[in-house]
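Hi,

Here is the structure I promised to send over. Have a look at it first, and then read on for what turned up.

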Amino acid sequence: MSQLQFVKLVLLVVCLIPAGVLGWNFFHDQLGANPFEALTRESGEWTLRLLLVTLLMTPLRHILHQTWPLQLRRMLGLYSFFYACLHLLTYLWFDQFFDWQEITKDILKRPFITVGITAWILLLPLAVTSTNGMMRRLGRNWKRLHRGIYLIVVLGVLHFIWLVKADLREPLIYAGILMLLLGYRVSRWWQKRAFSIAAQQ
């Protein structure tokens with residue numbers, strides 16, 4: 001087993017731990033007075049954390065001058081989608097009991113639900129097209145499509161801020177991390193643009 005394969009195996013296990021802990025605590029009644037709300041919130045936070053770690057892989061590659069972070073990006077993205085599906089499922093099941101009429105009303109009535117559902121819908125095609133085969137089929141369009149992850153994380157942070165309403169400390173931490181990652185990407189884009197202009201002169 002290569003070093004990269006070992007790292008991927010460790011990452012696979014680590015990413016499953018939160019789901020395992022949540023499942024254990026849920027079935028052993030250790031999620032507090034409102035276990036369904038706790039399950040929904042924790043799965044949502046893990047979605048956001050993994051999305052931010054996924055975004056971190058590209059800056060990490062540039063900083064370390066190594067390609068291995070990009071080899072982990074797909075797995076992290078798929079686990080983000082897994083937790084996003086778990087988050088959505090807990091809302092549909094435990095909060096709304098699959099009452100689609102009420103769900104539709106809720107989506108239209110509450111902006112944070114609207115934003116959350118929109119983020120999940122945008123994340124779905126990224127998960128579907130994460131295979132090597134889809135990368136080959138889409139060509140340059142694959143990169144364009146997957147840049148949508150930045151919008152998805154913005155929507156995820158906004159969803160969290162609107163959900164919390166009162167104590168904004170935790171969602172603002174996520175917002176701050178996102179701003180740093182977006183700032184790094186803008187900085188890289190500006191540097192490339194400056195070099196391109198200089199080369200043409």
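Below are my notes on a surface patch and on the salt bridges. Keep in mind that this is a predicted model.

First, the greasy side of things. Phe6, Leu9, Val10, Leu12, Val13, Val14, Leu16, Ile17, Val21 and Phe82 make up a nonpolar surface patch of about 820 Å². Helix H1 (residues 3–27) gives the largest share of that patch, nine residues. Val13 is in helix H1, and with 44% relative accessibility it counts as partly exposed.

Now the charges. Side chains of opposite charge can pair when their charged atoms come close. The count here comes to seven salt bridges.

In helix H2 (residues 35–64), Glu45 and Arg41 sit four residues apart, about one turn of the helix. They form a salt bridge, with 3.1 Å between the closest N and O atoms. Glu45 is buried at 5% relative accessible area, whereas Arg41 is partly exposed at 36%. Both belong to a network of salt bridges that links Arg41, Glu45, Arg49 and Glu170.

Helix H4 (residues 100–109) has a pair as well: Glu102 and Lys105 are three residues apart there, about one helical turn. Their salt bridge has its closest N and O atoms 3.8 Å apart. Glu102 is partly exposed at 36% relative accessibility, and Lys105 is partly exposed at 45%.

One more to look at: Arg110 and Asp106 meet in a salt bridge of 2.7 Å, N to O. Asp106 counts as buried, at 9% relative accessibility, while Arg110 is partly exposed at 30%.

Cheers

Notes:
Residues numbered from 1 in each chain as written. Predicted model: local features only at pLDDT ≥ 70, side-chain atom pairs only at ≥ 80, totals over all residues. Heavy atoms only, no water. Patch = residues over 30% accessible without salt bridge, like charges linked within 9 Å, V, L, I, M, F, W, Y side chains within 5 Å. Areas by Shrake-Rupley, 256 points an atom, 1.4 Å probe, with all protein chains shown as cover. Salt bridge = Lys/Arg side-chain N within 4 Å of Asp/Glu carboxyl O. Helix = DSSP H or I, 4+ residues; strand = E, 2+ residues; numbered from the N terminus. Buried < 20%, exposed > 50% of the residue type's maximum accessible area, 1.4 Å probe, protein only.
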